[in-house]
Amino acid sequence: MEFSQIHSDAEAIYGSIMKKKTQSPPVKIRKAPFITIFVFLVLGAVGISLGEPSRVLEQATRICLSCIGIG
Amino acid sequence: MEFVRKWVQALFFLITNGYWNFPVTRGIYQGPLKVICSPGLNCYSCPAATSYCPLGALQQLMGGIRLALENGQIYVGFYVIGAMGAIGGFVGRMVCGWACPFGLFQELLHKIPSPKFGIWRPLRFIKYALLLFMVVLLPLFATDAFGFGQTWFCKYVCPAGTLEAGLPMLLLQPELRASLGLLFLNKLVILIFFISWSVVASRPFCRTACPLGAFYALFSNVKLVKLRLDRERCTNCEACHTVCPMGVHFNESPDDMECISCLACSKACNFNAISLEVGGIPLSAQPPCRPGKTQLQ
């Protein structure tokens, strides 16, 4: 095999490798975050239906002195 | 990006502490906004606080479960856990880097010129123990004669509560000073300890003792917004090791539970190997390499 043939083959192989390397990988959308967020939003909605926000509001609007180390 | 992050931190600080009428009322905000969950650690007994602290609310609910169930009320914390989990699922510990007032406070303290030290990495497990025992198990099971559990973490540890609520309330209501005791002294010592530590080490409370950070860290593999490492570009030059405020070796563990997505590593990377992604989609197309920089082989 002639040197020029070997050289052109090598260039072709190098070119294909570089092309593969510079090509951005296909974007794969992760499903786990959406499932996680959905599950917790449902959980929150259940909490709302049970009336928990009023309980949270009641606690948050009262100063709990022992909770902050006073008394 | 650091400039933007500081502004976002300041914005969140002002949003979650937006009640500036407290010097007049000498009390805390009692309006309807307090039904909204603060993403970061922000004591709801702080006079300026406009939202509830997820850790405080969770402990209150855990402590009150037994009593509530006995009274036929199903208050088991779904609303609070749902809000915390949704935030965790969206951004995870990005909250620590971008939205936590106490994180901002520690960062500012760390700017004080002094010798700087690292933090022994196994200490990070303390925060998981605090989350399990002082936020969940003790409020749930160590109940008083009436069946009500205490807010153990708030009462005995939380330095954010002492700084944002304890000290301001003592200034606003001088009559409270008569009831100070060992409990407050203990909390004051913890606050001074973390303030001093923050000057010489980066974010010591976040890294060792914050149960909220520990909770959000549980979402490090499934959060929507996260940093991604392009292994093709990474040369393992370890530039990301030296700039990380949380001691993360990003090129070795891109899903590290300690990562707060502050983007310091992304800025430091000369090879654009670190970028932000949303649900697997990169937010920006990265150029091959920064101009003027030589790619290591």
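Helix H2 of chain A (residues 32–49) gives the nonpolar patch its largest share, five residues. Helices here are DSSP runs of H or I with at least four residues, strands are E runs of at least two, and both are numbered from the N terminus. The patch covers about 680 Å² and is made by A:Ile35, A:Phe38, A:Val39, A:Val42, A:Val46, A:Leu50, B:Leu69 and B:Ile74. To join a patch, a residue needs over 30% relative accessible area and no salt bridge, and nonpolar side chains (Val, Leu, Ile, Met, Phe, Trp, Tyr) are linked within 5 Å. A salt bridge is a side-chain nitrogen of Lys or Arg within 4 Å of a carboxyl oxygen of Asp or Glu.

One member to look for is A:Phe38, which sits in helix H2 of chain A. A:Phe38 is exposed, at 56% relative accessible area (exposed is over 50%, buried under 20%, partly exposed in between, with a 1.4 Å probe and protein chains only).

## What you're looking at

This is a predicted model, where local features need pLDDT of at least 70 and side-chain atom pairs pLDDT 80 or more, while totals for chains, interfaces and linings use all residues. Residues are numbered from 1 along each chain, chains are lettered from A in the order written, and side-chain values use heavy atoms, leaving out hydrogens and water.

## Chain A overall

Chain A has three helices and zero strands, so its pattern along the sequence reads α-α-α. Of its 71 residues, 27% count as buried. Its accessible surface comes to about 5100 Å², with 69% belonging to carbon and sulfur atoms (Shrake-Rupley method, 1.4 Å probe).

On a 1 Å grid over the protein atoms alone, a cavity is where a 1.4 Å probe fits but can't get out, and a pocket is an open set with protein on both sides within 12 Å along at least five of seven lines; lining residues have an atom within 4 Å of a point. The count comes to five cavities of 30 Å³ or more. The largest holds about 140 Å³, and among its 18 lining residues B:Cys43, B:Tyr44, B:Cys53, B:Gly56 and B:Cys154 are closest to the centre. Helix H3 of chain B gives the most to that lining, with three residues.

The second largest pocket has a volume of about 380 Å³. Its lining has 18 residues, with B:Glu2, B:Arg5, B:Lys111, B:Val243 and B:Pro245 nearest the centre.

Key:
Patch = residues over 30% accessible without salt bridge, like charges linked within 9 Å, V, L, I, M, F, W, Y side chains within 5 Å. Points joined across faces, edges and corners; volume = space filled by probe spheres on them.
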